[in-house]
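Please have the sequence and the model open while reading.

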Amino acid sequence: MHEPSLADLRSRVGKKWRLYEADVIPAWVADMDFSPAQVIVDAVRSFLAEGDWGYVDGREHDRMIEAGVAWATARHGWSPAPSECRVVLDVMQGVAASIQAFTQPGDGVIITNPVYHPFGWAIESSDRAVVEAPLTDREDGFRITRAALEAAVDRGGKMLLLCNPHNPTGRVFSATELAVVAEVASEADLIVVSDEIHADLVYEPHRHIPIAALAPAIADRCITLVSPSKAFNLAGVGCAMAAFGTPELAARFDELPFALLGHPTGTGVRAATAAWELGGPWLDELRVRLRANRDTVSDWVGENRQIGHRVPEATYLAWLDFRPLHWSVEPHERLLAKGRVALSSGVQFGTGGAGHARLNFGTYPAVLDEILHRMESALAETRLVL
Ligand SMILES: Cc1ncc(COP(=O)(O)O)c(C=O)c1O
């Protein structure tokens with residue numbers, strides 16, 4: 001695969017490479033630097049060449065849904081009913097729309113913080129309350145606990161917004177943990193919205209378990225959101241699929257104002273369909289590369305022992321704990337100022353995020369080496385100051 005130079009990457013028009021000044025290397029937003037799969041490029045090209053750019057017919061949605069269900073069946077052993085699936089513009093639209101459809105203003109929505117920060121925005125902007133069920137940071141990694149979930153229910157949680165695999169910690173929740181989630185959800189009559197956008201970026205020996213695949217009792221209260229946009233790097237082009245556990249849930253979603261959901265684009269539907277129908281081999285190669293990068297990051301952290309890190313079980317995101325360094329500013333600020341490398345702020349992921357930063361390693365090895373080299377310089381400067 002052709003590896004672009006830093007100059008090539010800097011000339012890109014996407015958000016990742018444009019937000020910061022030209023001498024900064026971005027390792028923040030969850031976009032990768034790799035070019036998309038040729039099969040997806042071809043599908044989008046032929047759609048554009050056909051020039052049939054009117055509103056997308058429902059049969060195109062059906063084809064995408066069929067591809068999504070076949071993918072979920074083959075890759076994750078989970079077969080949602082196609083009749084209970086809907087195409088949505090993106091995962092966050094699915095999240096925000098589900099909050100509207102299944103809760104009332106003032107209701108609490110539970111999150112497992114620190115977590116993908118737009119969850120909080122979606123909850124608060126629709127006049128619902130964020131209720132935290134913090135992950136427990138144990139020796140063996142971050143865990144969801146029954147105690148945290150029950151406490152969140154006691155504080156008014158009516159819906160659980162799950163993120164599995166989890167961003168930013170990289171956890172892939174086990175069957176045992178998910179069973180606890182399912183039990184609490186049943187006992188407390190919670191609706192579960194499960195954002196599984198990172199499901200296809202899981203590293204062996206871990207395995208993604210869609211929570212709706214655990215048992216019918218949990219599926220019946222579940223809305224699962226999936227999309228090829230992270231694994232296939234299509235955030236600016238793709239779309240997403242919402243899978244409802246029952247016809248009743250799907251019907252309630254369908255009652256949302258039409259204009260709120262908008263029109264999925266022809267490019268998005270074609271790109272997602274191509275990813276799920278044809279993208280398997282590309283993805284399998286990508287995961288090998290990402291795994292090597294993941295190991296590069298954890299080896300590097302191993303040499304810089306002051307930084308806390310748990311090797312991610314999924315995603316191309318490393319959650320780094322800089323608290324042992326006792327920096328007076330948040331790590332992303334310091335790394336930007338001293339290393340000219342832009343990680344995501346840990347604080348933005350909510351309670352539990354302070355003192356952390358999230359590193360995106362979805363890039364070419366040479367770029368990753370440069371990122372780590374720059375971080376090393378920022379750390380070395382700290383050591384001198386200390
Ligand atoms: C957990 C999670 N959910 C949702 C999204 C955004 O997805 P979309 O662009 O489909 O709204 C991201 C993007 O990084 C994410 O990490």
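The largest cavity holds about 100 Å³ of space. The search of the whole structure, which is a predicted model, finds 2 cavities of 30 Å³ or more. The largest pocket has a volume of about 1200 Å³, and the second largest pocket has a volume of about 310 Å³.

**Largest cavity**

- The lining of the largest cavity is made up of 13 residues.
- Trp71, Ala72, His76, Asp200 and Val226 are the lining residues that lie nearest the centre of this cavity.
- Helix α4 (residues 58–76) gives the most to the lining, with 4 residues.
- By class, the lining of the largest cavity has 7 nonpolar, 4 polar and 2 charged residues.

**Largest pocket**

- In the largest pocket, 48 residues form the lining, and Ala30, Asp31, Lys230, Ala235 and Gly236 lie nearest the centre.
- Two or more lining residues come from each of these elements: α2 (15–18), α3, α5 (91–102), α6 (118–124) and β13 (341–345).
- The lining of the largest pocket divides into 26 nonpolar, 13 polar and 9 charged residues.
- Both domain 1 (6–30 + 281–385) and domain 2 (53–278) take part in this lining, with at least three residues from each.

**Second largest pocket**

- The second largest pocket is lined by 15 residues.
- Nearest the centre of the second largest pocket lie Val87, Phe258, Leu261, Gly262 and Pro264.
- The elements that give two or more residues to this lining are β2 (85–88), α10 (247–254) and α11 (258–261).
- Strand β2 gives the most, with 3 residues.
- The lining of the second largest pocket consists of 9 nonpolar, 4 polar and 2 charged residues.

**Domains**

- The chain is divided into domain 1, which covers 6–30 + 281–385, and domain 2, which covers 53–278.
- The centres of the two domains, taken over C-alpha atoms, are separated by 26 Å.
- The contact between the domains takes 26 residues from domain 1 and 32 residues from domain 2.

**Packing of α3 and α12**

- Two packed helices are described by the angle between their axes and the distance between the axes.
- For helix α3 (residues 38–50) and helix α12 (residues 266–278), the axes come within 8 Å and cross at roughly 145°.
- The crossing of α3 with α12 is right-handed.
- From α3, the contact uses Val39, Ile40, Ala43, Val44, Ser46, Phe47, Leu48 and Glu50.
- From α12, the contact uses Gly266, Thr267, Arg270, Ala271, Ala274, Ala275 and Leu278.
- The residues of this contact divide into 10 nonpolar, 3 polar and 2 charged.

**Backbone geometry**

- Most residues other than glycine have a negative phi, and most peptide bonds are trans.
- The peptide bond from asparagine 167 to proline 168 is cis, with omega near 15°; proline 168 lies in the loop between β7 (157–163) and α8 (175–188).
- The peptide bond from glutamate 204 to proline 205 is also cis, with omega near 5°; proline 205 is in the loop between β8 (191–195) and α9 (216–219).
- Asparagine 233 is not a glycine, yet has a positive phi of about 60°.
- The loop between β9 (222–226) and β10 (240–244) contains asparagine 233.

Key:
Residues numbered from 1 in each chain as written. Predicted model: local features only at pLDDT ≥ 70, side-chain atom pairs only at ≥ 80, totals over all residues. Heavy atoms only, no water. Axes fitted to C-alpha atoms, helices over the stretch in contact; angles between N-to-C directions. Left-handed = near helix turned anticlockwise from the far one by under 90°. Contact = heavy atoms within 4.5 Å. Nonpolar A, V, L, I, M, F, W, Y, C, P; charged D, E, K, R; others polar. 1 Å grid on protein atoms, 1.4 Å probe; cavity = no way out; pocket = protein on both sides within 12 Å on 5 of 7 lines; lining within 4 Å. Points joined across faces, edges and corners; volume = space filled by probe spheres on them. Domains from an automatic or database assignment.
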